[in-house]
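Have the sequence and the 3D view ready.

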Amino acid sequence: MSDINSHRDLIAWQKAFGLGLAVYEVTRMFPDSERFGLISQLRRCAVSVASNIAEGYGRQSTSDYVRFLRMARGSAYEADTQLLFAVELGFLGRSRYEEVKGQLEECGKVLAGLIRSLER
């Protein structure tokens with residue numbers, strides 16, 4: 001097992017960061033009329049996943065860390081809902097949604113495991 005010296009060493013953060021990049025990539029294809037709507041909202045919650053992991057890690061309190069990890073998990077669920085809106089509105093193809101959803105699910109699993117390990 002490797003040492004964790006920074007939030008960047010956490011697999012949960014690495015996966016969440018990749019998720020944020022993927023969301024930015026897919027939202028580039030959304031219509032310009034959604035710039036202040038779904039694009040903005042989706043990007044904010046996707047970036048929030050990695051950001052909350054990092055902030056929780058930096059809090060130096062296990063209870064705060066777990067609270068921020070739960071917020072990160074909530075943001076991942078929020079992103080999934082917004083991506084599904086994008087599919088239903090015709091802004092995002094079903095196959096690309098499934099790819100990003102896979103990243104969301106992986107983030108969720110890793111976050112759940114990290115939360116469980118900290119609660120022990």
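Here are some questions and answers about the labels used for this model.

Q: What kind of model is this, and how are residues numbered?
A: This is a predicted model, where local features need pLDDT of at least 70, side-chain atom pairs count only at pLDDT 80 or more, and totals for chains, interfaces and linings use all residues. Residues are numbered from 1 along each chain as its sequence is written, and side-chain values use heavy atoms, with hydrogens and water left out.

Q: How do you know that Cys45 is in no disulfide?
A: A disulfide is a pair of cysteine sulfur atoms within 2.5 Å. The nearest cysteine sulfur to that of Cys45 belongs to Cys107, and that is 12 Å away. A search of the whole structure finds zero disulfides.

Q: Why is Cys45 called buried?
A: Buried means under 20% relative accessible area, exposed means over 50%, and partly exposed is in between (1.4 Å probe, protein chains only). Cys45 has 4% relative accessibility, so it counts as buried. Cys107, at 2%, counts as buried too.

Q: What makes Phe30 and Phe91 a tilted pair?
A: Rings of Phe, Tyr and Trp (its six-membered ring) pair if their centres lie within 6.5 Å; planes under 30 degrees apart count as stacked, over 60 as edge-to-face and the rest as tilted. The centres of Phe30 and Phe91 are 5.7 Å apart and their planes are at 45 degrees, so the pair is tilted.

Q: What makes Tyr57 and Tyr65 edge-to-face?
A: Their planes have 80 degrees between them, and the rings are 6.0 Å apart, centre to centre. The structure holds three aromatic pairs, counting this one.

Q: Are Tyr57 and Tyr65 buried or partly exposed?
A: Tyr57 has 26% relative accessibility, so it counts as partly exposed. Tyr65 has a relative accessible area of 10%, so it is buried.

Q: Why does Phe30 count as buried?
A: Its relative accessibility is 6%, so Phe30 counts as buried. Phe30 is also among the residues with the most contacts inside the largest nonpolar core, along with Val49, Ile53, Leu83 and Leu92.

Q: What makes a nonpolar core, and how many residues has the largest one?
A: A nonpolar core is a set of buried Ala, Val, Leu, Ile, Met, Phe, Trp, Tyr and Cys residues joined through side-chain atoms within 4.5 Å. The largest one has 35 residues. H1, H2, H3 and H4 each give two or more residues to this core, and H3 gives the largest share, nine residues.

Q: Why is Gln14 called partly exposed?
A: Gln14, in helix H1, has 40% relative accessibility, so it counts as partly exposed.

Q: Is Arg94 buried or partly exposed?
A: Arg94 lies in helix H4, and its 44% relative accessibility makes it partly exposed.

Key: Helices (H or I, at least four residues) and strands (E, at least two) are DSSP runs, numbered from the N terminus.
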